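Please find below a short note on the structure, written for a reader who is new to the subject.

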Amino acid sequence: MSINPTAAVPEIEIAPPHEPLGQRIWENLRGGNLGSAPVILALGIMVLVFGLTASNFFSAVNFNNIITQMAGTTLLAYGIVFVLLIGEIDLSVSYVSGVAGVLVAELQLPGSGHKLPGLLAILLAILGGVAIGAGQGSIIALIGVPSFVVTLAGFEIWQGVIQRTITQGVVVIQDNTINDTANYFFSTLGGWIIAAVVSAFYIGGVLSSVYSNRRHDVPIRDPWLVAAKVVALPVIVFGTVAICNHDRGVPFALLLVIAMLLIWTYVSKRTTFGRHVYAVGGNAEAARRAGINVARIRILVFMISGAMSGLGGIVLVARLNSADLNAGGGTLLIDAIAAAVIGGTSLFGGRGEVRNALFGSLVIAVIANGMNTLGYTTGIIFIVTGIILLLAVTLDTIFRRLQARSGR
Amino acid sequence: MSKSFGSVQALIDVDFEVRDGEVMALVGDNGAGKSTLIKCIAGIHPADSGEIFFDGEPVTIHGPKDAVSLGIEVVYQDLALCDNLDVVQNMYLGREAHDQFQRLKEPVMEAKTAEVMKGLAVTTIKSIRQTVATLSGGQRQSVAVARAVLWNSRVVILDEPTAALGVAQTRQVLDLVARLAEQGLAVVLISHNLHDIFEVATRITVLRLGRSIAVYEREKTTQQEVVEAITAGTTSKVPGMARIAPEELT
């Protein structure tokens, strides 16, 4: 016997799952679902203020500088978003990235007896990050040690490993493949081709999802919003490429940042794995009862964090053409976590998106760059960044409470 | 479906059955063994001894997966929904429709969810794409029940579905329970609220101190009689009491 839900019950008009856009936005706000709105607003204001006050802020050279400066941190922050989504934390990302940076530098070292081709060295360094993530994730997921402690231990351990490995103070990277991850710029034509391909992929994706919805008679919410997106994204993409081409061209690092954004957004939003990540962060017990292997999801998330730390670490050392004792140090950890949180990823798990990391990272980079141009010292910049982080977390907490209230 | 087994204390030779298209209420005081019985049926605790018959065939339930594959779904008291996910996502939680590349088939899930919601006449939910956090208690309970129906289940066990709800929302959920039975499902309703039970139940099983002591037809009994069976107020009127030795009651 199977249940036929349409039989035996008189046709009852179900409220259409289609409401005006304004009302949806209001419902989202009421439900504590702020998304990226506040951070984009803040970013717009900052760009405007710095553009009007700092003389060199609005220039193609400076735009490319900001992009290459923030690329490594942003890659780390993508991993952090996944970790925050399951309601955990990873404090080891900075020194895991340092380890990967040192690893890639050592593996390409001429005259060391193990000089590997650049691409292979990069691959192995990323795998190193994945392995560290798998180890730490297993301790967290299988034994149940809090992630805060495990990754804090990792923070210490991997810092120690870096100091033990680099005995001469610095390892110079001569391999061009590795250095290009941070320092290569595409030609003007190359930039336009990238813009065209990215736009085509995006429009193709939107259209196929619209087609799929039509085929299943699922109403398309806000056709105007869909149309606006299809127009707006290519405009942004081509605009960005135009700015980059004004200077040295599109940096490879930007391509890397965008490619990773697309890949991880796809994984988190369109695959069963991504759905389970959100479920574990929202209610781990419910996820377990629904048959989701919670431990497996947790380990995989820490592996993603490790992989992104590895990739980010490679870009960071490549920018300096060398790995030194400071690899993974400084404000890297704080910036990576702050980027995810400022971007709107909840520290309480289950809410946030991969793109939050990019927006948050942009905010931090724009503050540092703009205030630097205006002649402020690093002390002031830290204070301002700290205040913005505090604001972001406060907003998240307030809206979480609003959400709990609107549920009743 | 009949089930009997003797365990150390929790359940002693309990007989319990539920038929297609009926609401069988399971009542009893705290510690009477209601939850234990449900967990045995759902495969969470294995029974020490006893038999389970499904469609007259003896079956074995070793774990939750066995129960699910037979078509037995439990709607737990604490709901087990993810607040941060929307209605569709919760309906398919852990059993998402996907292709061979693990890509989600979102339109398939959305269309089917809309169909089930419509079939159960759950009309108060504005959009099946809103997060569960924005729903009222009754709506959340409806989602949890609808999730059980979505999987073509045969037996739906509801553990205190109205415990935390107000009057209007209780009404909503009770209507839903009645509709489940109308559609031919076997429904087991656990509740402390006799008023609710007398509204929707077809039959009532009373558990006391780990024993099933009576099964009443709703039509042929009164709340008074059921209360007495639960509390052992007037033992003379309670069938089955003769089987229990007096020292066991103290």
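The points below treat chain B, its sheet and helices, some backbone angles, and a helix of chain A.

1. The model is predicted. Chain B contains nine helices and nine strands. Of the 250 residues in chain B, 48% are buried. Among contacts in chain B between residues at least 6 apart in sequence, 66% join residues at least 24 apart.

2. The sheet of chain B. Strands of a sheet pair through backbone hydrogen bonds, either parallel or antiparallel. In chain B, six strands form an open sheet with mixed pairing, and their order is β5-β6-β7-β2-β8-β9. The edges are β5 (72-75) and β9 (211-217) of chain B, each of which pairs on one side only. On average, neighbouring strands of this sheet are turned by 20° against each other, direction ignored.

3. The pairing of β2 with β8. Strand β2 (residues 23-28) and strand β8 (residues 203-208) of chain B run parallel and are joined by five bridges.

4. The pairing of β8 with β9. Here the direction is antiparallel, and six bridges join β8(B) to β9(B). R208(B) stands opposite R211(B) in β9(B). The two strands, β8(B) and β9(B), form a hairpin with two residues between them. In the turn, L209(B) has a positive phi of about 50°.

5. Is strand β8(B) largely enclosed or largely open? Five of the six residues of β8(B) are buried, so this strand is largely enclosed by the rest of the structure. A residue is counted as buried if 20 or more other C-beta atoms lie within 10 Å of its own.

6. Helix α8 (residues 223-231) of chain B lies across β2, β8 and β9 of chain B, and runs at about 25° to β8(B).

7. Positive phi at Q102. This residue, Q102(B), is not a glycine, yet its phi is positive, near 65°. Q102(B) belongs to the loop between α3 (87-91) and α4 (106-119) of chain B. With 14 other C-beta atoms within 10 Å, Q102(B) is partly exposed.

8. Positive phi at E160. Which loop holds E160(B)? E160(B) lies between β6 and α6 of chain B. Although E160(B) is not a glycine, its phi is positive, at about 50°.

9. A helix of chain A. Helix α5 (residues 118-143) of chain A has 26 residues. From its first C-alpha to its last, α5(A) reaches 37 Å, close to the 38 Å expected at 1.5 Å a residue. Just after α5(A) comes G144(A), with a positive phi of about 95°.

Technical notes. Residues numbered from 1 in each chain as written. Chains lettered and ligands numbered in written order. Predicted model: local features only at pLDDT ≥ 70, side-chain atom pairs only at ≥ 80, totals over all residues. Helix = DSSP H or I, 4+ residues; strand = E, 2+ residues; numbered from the N terminus. Expected span 1.5 Å × (residues − 1). Pairing = 2+ DSSP bridges. Axes fitted to C-alpha atoms, helices over the stretch in contact; angles between N-to-C directions. Contact = placed C-beta atoms within 7 Å. Buried ≥ 20, exposed ≤ 12 C-beta atoms within 10 Å, placed from the backbone.
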